[in-house]
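Hi,

Here is the structure I said I'd pass on. Have a look, and my notes follow below.

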Amino acid sequence: MSKPSVKQYYEPAPDTDFEAFAAVVESRRSIRRFADEPIPDEVVHRCLDLALLAPTSSNLQAWEFYRVVDPEKKKRLAEACLSQPAATTAPELIVAVARLDTWEEHSDAILEVLERSEWAWPKSMKLYYKVVTRVAYGLGRFGELSLFKRAAIPLTGLFRPIPRGPKSRAELVTWAVKSSALACENLILAFRAAGYDTCAMEGMDEARVKRIVGLGDNPDAIVTMVISAGKRVPGGVYGPRIRLPRERFIHEV
Ligand SMILES: Cc1cc2nc3c(=O)[nH]c(=O)nc-3n(C[C@H](O)[C@H](O)[C@H](O)COP(=O)(O)O)c2cc1C
(Lines give C-alpha, C1' and ligand atoms only; values in the text may rest on other atoms or scores of the structure.)
Protein backbone atom coordinates (compact mmCIF):
# COMPACT_ATOMS: atom_id res chain seq x y z
CA MET A 1 0.00 0.00 0.00
CA SER A 2 1.39 3.39 -0.92
CA LYS A 3 1.92 5.97 1.78
CA PRO A 4 -0.17 9.17 1.82
CA SER A 5 1.66 12.29 0.69
CA VAL A 6 2.85 14.43 3.58
CA LYS A 7 1.34 17.39 1.68
CA GLN A 8 -2.01 16.16 3.03
CA TYR A 9 -0.80 16.46 6.62
CA TYR A 10 -2.59 19.13 8.60
CA GLU A 11 -2.12 20.09 12.22
CA PRO A 12 -4.74 22.62 13.29
CA ALA A 13 -3.55 25.35 15.65
CA PRO A 14 -5.12 24.72 19.08
CA ASP A 15 -6.49 27.58 21.15
CA THR A 16 -3.86 29.10 23.43
CA ASP A 17 -3.93 31.52 26.33
CA PHE A 18 -1.88 34.59 25.48
CA GLU A 19 -2.33 36.16 28.92
CA ALA A 20 -1.12 32.96 30.61
CA PHE A 21 1.96 33.01 28.39
CA ALA A 22 2.55 36.71 29.11
CA ALA A 23 2.31 35.98 32.85
CA VAL A 24 5.01 33.30 32.49
CA VAL A 25 7.32 35.63 30.55
CA GLU A 26 6.67 38.64 32.76
CA SER A 27 7.15 36.78 36.04
CA ARG A 28 10.42 35.17 34.95
CA ARG A 29 13.32 36.77 36.75
CA SER A 30 16.89 35.62 37.20
CA ILE A 31 16.90 34.11 40.67
CA ARG A 32 20.13 34.05 42.66
CA ARG A 33 18.92 32.27 45.79
CA PHE A 34 16.76 29.18 45.91
CA ALA A 35 14.85 27.33 48.62
CA ASP A 36 16.32 24.09 49.90
CA GLU A 37 13.52 22.17 48.22
CA PRO A 38 13.83 19.76 45.29
CA ILE A 39 11.94 20.04 42.01
CA PRO A 40 10.04 16.79 41.38
CA ASP A 41 11.79 14.62 38.77
CA GLU A 42 8.75 14.53 36.53
CA VAL A 43 8.63 18.34 36.41
CA VAL A 44 12.32 18.54 35.45
CA HIS A 45 11.86 15.93 32.73
CA ARG A 46 8.75 17.62 31.36
CA CYS A 47 10.61 20.94 31.22
CA LEU A 48 13.58 19.29 29.47
CA ASP A 49 11.21 17.69 26.97
CA LEU A 50 9.73 21.13 26.27
CA ALA A 51 13.25 22.49 25.74
CA LEU A 52 13.71 19.93 22.98
CA LEU A 53 10.66 21.31 21.18
CA ALA A 54 12.41 24.62 20.47
CA PRO A 55 12.93 25.46 16.81
CA THR A 56 16.32 24.28 15.54
CA SER A 57 18.23 25.16 12.41
CA SER A 58 17.48 22.58 9.68
CA ASN A 59 16.01 20.52 12.52
CA LEU A 60 19.53 19.23 13.20
CA GLN A 61 19.16 19.52 16.98
CA ALA A 62 22.82 20.32 17.59
CA TRP A 63 22.20 20.64 21.32
CA GLU A 64 22.49 18.62 24.51
CA PHE A 65 21.42 19.07 28.11
CA TYR A 66 23.26 17.53 31.03
CA ARG A 67 21.19 17.41 34.19
CA VAL A 68 23.74 16.97 36.94
CA VAL A 69 22.28 14.69 39.60
CA ASP A 70 25.36 13.23 41.28
CA PRO A 71 25.84 15.24 44.53
CA GLU A 72 29.64 15.31 44.24
CA LYS A 73 29.50 16.48 40.60
CA LYS A 74 26.83 19.03 41.50
CA LYS A 75 29.09 20.49 44.18
CA ARG A 76 31.98 20.69 41.71
CA LEU A 77 29.69 22.22 39.08
CA ALA A 78 28.51 24.92 41.51
CA GLU A 79 32.17 25.70 42.21
CA ALA A 80 32.86 25.80 38.46
CA CYS A 81 30.01 28.35 38.29
CA LEU A 82 32.31 30.50 40.42
CA SER A 83 30.35 29.49 43.55
CA GLN A 84 27.62 31.97 42.63
CA PRO A 85 24.68 31.59 45.05
CA ALA A 86 22.49 31.06 41.96
CA ALA A 87 24.42 27.79 41.58
CA THR A 88 25.32 26.82 45.16
CA THR A 89 21.74 27.14 46.46
CA ALA A 90 20.01 25.55 43.45
CA PRO A 91 18.44 22.10 43.71
CA GLU A 92 18.83 21.67 39.93
CA LEU A 93 21.80 22.44 37.69
CA ILE A 94 21.53 21.81 33.97
CA VAL A 95 24.37 22.34 31.52
CA ALA A 96 23.25 23.35 28.03
CA VAL A 97 25.70 22.42 25.30
CA ALA A 98 25.86 23.30 21.61
CA ARG A 99 27.52 20.62 19.48
CA LEU A 100 29.44 21.11 16.27
CA ASP A 101 30.04 17.40 15.82
CA THR A 102 26.58 15.82 15.88
CA TRP A 103 24.76 17.45 12.96
CA GLU A 104 25.94 14.89 10.38
CA GLU A 105 24.78 11.95 12.47
CA HIS A 106 21.49 13.77 13.12
CA SER A 107 21.08 14.42 9.41
CA ASP A 108 21.38 10.66 8.79
CA ALA A 109 18.96 9.95 11.66
CA ILE A 110 16.37 12.33 10.21
CA LEU A 111 16.77 10.71 6.82
CA GLU A 112 15.97 7.39 8.46
CA VAL A 113 12.88 8.89 10.13
CA LEU A 114 11.73 10.14 6.71
CA GLU A 115 12.29 6.72 5.13
CA ARG A 116 10.38 4.92 7.88
CA SER A 117 7.62 7.50 8.18
CA GLU A 118 4.00 6.55 7.56
CA TRP A 119 3.94 9.60 5.29
CA ALA A 120 5.51 9.90 1.87
CA TRP A 121 8.02 12.76 2.14
CA PRO A 122 9.12 14.55 -1.03
CA LYS A 123 12.41 13.54 -2.66
CA SER A 124 13.69 17.10 -2.13
CA MET A 125 13.44 16.62 1.62
CA LYS A 126 15.49 13.43 1.48
CA LEU A 127 18.00 15.14 -0.77
CA TYR A 128 18.23 17.94 1.78
CA TYR A 129 19.31 15.59 4.57
CA LYS A 130 21.49 13.45 2.29
CA VAL A 131 23.34 16.21 0.45
CA VAL A 132 22.35 19.80 1.20
CA THR A 133 23.12 19.72 4.94
CA ARG A 134 26.61 18.42 4.12
CA VAL A 135 27.30 21.43 1.95
CA ALA A 136 25.48 23.94 4.14
CA TYR A 137 27.12 22.98 7.46
CA GLY A 138 30.24 21.09 6.40
CA LEU A 139 33.63 22.78 6.37
CA GLY A 140 35.55 19.88 4.82
CA ARG A 141 37.97 17.54 6.54
CA PHE A 142 40.89 19.84 5.84
CA GLY A 143 38.85 23.03 5.62
CA GLU A 144 38.57 22.74 1.83
CA LEU A 145 34.78 23.25 1.82
CA SER A 146 35.21 26.27 4.06
CA LEU A 147 37.72 27.75 1.60
CA PHE A 148 35.41 27.04 -1.31
CA LYS A 149 32.44 28.61 0.47
CA ARG A 150 34.43 31.70 1.43
CA ALA A 151 35.23 32.27 -2.23
CA ALA A 152 31.99 31.13 -3.85
CA ILE A 153 29.37 32.56 -1.50
CA PRO A 154 30.27 36.28 -1.75
CA LEU A 155 30.64 35.92 -5.51
CA THR A 156 27.29 34.19 -5.97
CA GLY A 157 25.79 36.68 -3.54
CA LEU A 158 26.54 39.49 -5.99
CA PHE A 159 23.91 38.06 -8.32
CA ARG A 160 21.29 36.42 -6.12
CA PRO A 161 20.31 35.91 -2.49
CA ILE A 162 22.27 33.06 -0.92
CA PRO A 163 22.73 31.88 2.67
CA ARG A 164 26.04 33.43 3.75
CA GLY A 165 27.17 30.81 6.19
CA PRO A 166 28.35 28.93 8.08
CA LYS A 167 31.61 29.22 6.11
CA SER A 168 33.99 28.96 9.04
CA ARG A 169 34.28 27.24 12.39
CA ALA A 170 33.38 30.50 14.14
CA GLU A 171 30.19 30.75 12.09
CA LEU A 172 29.38 27.12 12.84
CA VAL A 173 29.72 27.89 16.56
CA THR A 174 27.25 30.77 16.16
CA TRP A 175 24.96 28.45 14.21
CA ALA A 176 24.89 25.78 16.92
CA VAL A 177 24.74 28.20 19.84
CA LYS A 178 21.74 30.03 18.30
CA SER A 179 19.53 26.93 18.33
CA SER A 180 20.86 25.77 21.69
CA ALA A 181 20.04 29.17 23.24
CA LEU A 182 16.47 28.94 21.95
CA ALA A 183 16.13 25.58 23.68
CA CYS A 184 17.52 27.18 26.85
CA GLU A 185 14.79 29.81 26.75
CA ASN A 186 12.16 27.09 26.33
CA LEU A 187 13.58 25.38 29.41
CA ILE A 188 13.65 28.59 31.44
CA LEU A 189 10.06 29.46 30.54
CA ALA A 190 8.92 25.88 31.12
CA PHE A 191 10.28 25.97 34.67
CA ARG A 192 8.49 29.30 35.29
CA ALA A 193 5.24 27.91 33.88
CA ALA A 194 5.61 24.97 36.28
CA GLY A 195 5.97 27.37 39.24
CA TYR A 196 9.79 27.26 39.49
CA ASP A 197 12.54 29.73 38.74
CA THR A 198 15.91 29.77 37.07
CA CYS A 199 19.15 31.60 36.52
CA ALA A 200 21.03 31.36 33.24
CA MET A 201 24.77 31.46 33.94
CA GLU A 202 27.68 32.07 31.66
CA GLY A 203 29.74 33.09 34.66
CA MET A 204 31.45 29.70 34.77
CA ASP A 205 34.66 27.92 33.91
CA GLU A 206 33.74 26.19 30.66
CA ALA A 207 36.72 23.80 30.70
CA ARG A 208 35.83 22.57 34.19
CA VAL A 209 32.11 22.36 33.39
CA LYS A 210 32.87 20.19 30.34
CA ARG A 211 35.04 17.82 32.36
CA ILE A 212 32.38 17.50 35.08
CA VAL A 213 29.68 16.41 32.61
CA GLY A 214 32.04 14.00 30.83
CA LEU A 215 32.76 16.05 27.70
CA GLY A 216 36.47 16.19 28.50
CA ASP A 217 38.19 18.74 26.31
CA ASN A 218 36.04 18.13 23.22
CA PRO A 219 36.47 21.38 21.26
CA ASP A 220 33.24 20.66 19.38
CA ALA A 221 31.12 20.89 22.54
CA ILE A 222 30.39 24.46 23.57
CA VAL A 223 28.75 25.18 26.89
CA THR A 224 25.99 27.61 25.96
CA MET A 225 25.10 28.26 29.58
CA VAL A 226 24.43 26.54 32.88
CA ILE A 227 20.84 26.84 34.05
CA SER A 228 20.06 26.60 37.73
CA ALA A 229 16.49 26.01 38.85
CA GLY A 230 14.44 25.82 42.01
CA LYS A 231 11.92 27.75 44.08
CA ARG A 232 12.73 31.41 44.65
CA VAL A 233 13.12 32.68 48.22
CA PRO A 234 12.90 36.26 49.55
CA GLY A 235 16.17 37.95 48.61
CA GLY A 236 16.46 35.74 45.53
CA VAL A 237 15.58 38.55 43.13
CA TYR A 238 18.27 41.20 43.06
CA GLY A 239 16.02 44.26 42.70
CA PRO A 240 13.31 45.35 40.29
CA ARG A 241 13.75 44.51 36.63
CA ILE A 242 15.78 46.94 34.56
CA ARG A 243 15.15 47.27 30.83
CA LEU A 244 16.22 50.12 28.58
CA PRO A 245 13.52 51.88 26.53
CA ARG A 246 11.99 49.70 23.82
CA GLU A 247 12.71 52.37 21.14
CA ARG A 248 16.36 51.39 21.45
CA PHE A 249 15.66 47.82 20.39
CA ILE A 250 12.51 47.60 18.33
CA HIS A 251 12.75 49.10 14.88
CA GLU A 252 10.28 49.30 12.07
CA VAL A 253 12.07 49.81 8.78
C1 LIG B 1 23.50 33.99 28.59
C2 LIG B 1 23.24 34.56 29.96
C3 LIG B 1 24.21 34.46 30.93
C4 LIG B 1 23.98 34.92 32.22
N5 LIG B 1 24.92 34.71 33.19
C6 LIG B 1 24.63 35.04 34.46
C7 LIG B 1 25.52 34.68 35.50
O8 LIG B 1 26.53 34.07 35.30
N9 LIG B 1 25.18 35.05 36.77
C10 LIG B 1 24.02 35.70 37.06
O11 LIG B 1 23.79 35.98 38.25
N12 LIG B 1 23.16 36.05 36.09
C13 LIG B 1 23.42 35.72 34.80
N14 LIG B 1 22.53 36.01 33.80
C15 LIG B 1 21.28 36.68 34.14
C16 LIG B 1 21.27 38.13 33.70
O17 LIG B 1 22.14 38.88 34.51
C18 LIG B 1 19.82 38.62 33.76
O19 LIG B 1 19.07 37.92 32.82
C20 LIG B 1 19.70 40.12 33.48
O21 LIG B 1 20.36 40.86 34.47
C22 LIG B 1 18.25 40.56 33.41
O23 LIG B 1 17.53 40.22 34.58
P24 LIG B 1 16.24 39.31 34.56
O25 LIG B 1 16.67 37.98 33.98
O26 LIG B 1 15.79 39.18 35.98
O27 LIG B 1 15.22 39.95 33.67
C28 LIG B 1 22.75 35.56 32.52
C29 LIG B 1 21.78 35.68 31.52
C30 LIG B 1 22.02 35.18 30.27
C31 LIG B 1 20.94 35.27 29.22
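A polar backbone atom of Ala200 sits 3.0 Å from a nitrogen atom of the ligand, which makes a polar contact (a pair of N or O atoms within 3.5 Å). On the ligand's oxygen side, an N or O atom in the side chain of Arg241 is 3.0 Å from an oxygen atom, and a polar side-chain atom of Arg243 is 3.1 Å from an oxygen atom of the ligand. The ligand exposes 620 Å² when taken alone, and the protein buries 66% of that (Shrake-Rupley areas, 1.4 Å probe).

Bear in mind that this is a predicted model: local features need pLDDT of at least 70, side-chain atom pairs count only at pLDDT 80 or more, and totals for chains, interfaces and linings use all residues. Residues are numbered from 1 along each chain as its sequence is written, and side-chain values use heavy atoms, with hydrogens and water left out.

Back to the ligand: the residues around it (a heavy atom within 4 Å) include Arg28, Arg29, Ser30, Arg32 and Gln84. The shell divides into three nonpolar, three polar and six charged residues (Asp, Glu, Lys and Arg count as charged; Ala, Val, Leu, Ile, Met, Phe, Trp, Tyr, Cys and Pro as nonpolar; the others, Gly among them, as polar).

Elsewhere, Lys3 is in the segment before helix H1 (18-27) (helices are DSSP runs of H or I, at least four residues, numbered from the N terminus). Lys3 counts as partly exposed because its relative accessibility is 38% (buried is under 20%, exposed over 50%, partly exposed in between).

Cheers

Technical notes:
Polar contact = N/O pair within 3.5 Å; in protein donor to acceptor, adjacent residues only side chain to side chain. Helix = DSSP H or I, 4+ residues; strand = E, 2+ residues; numbered from the N terminus. Buried < 20%, exposed > 50% of the residue type's maximum accessible area, 1.4 Å probe, protein only.
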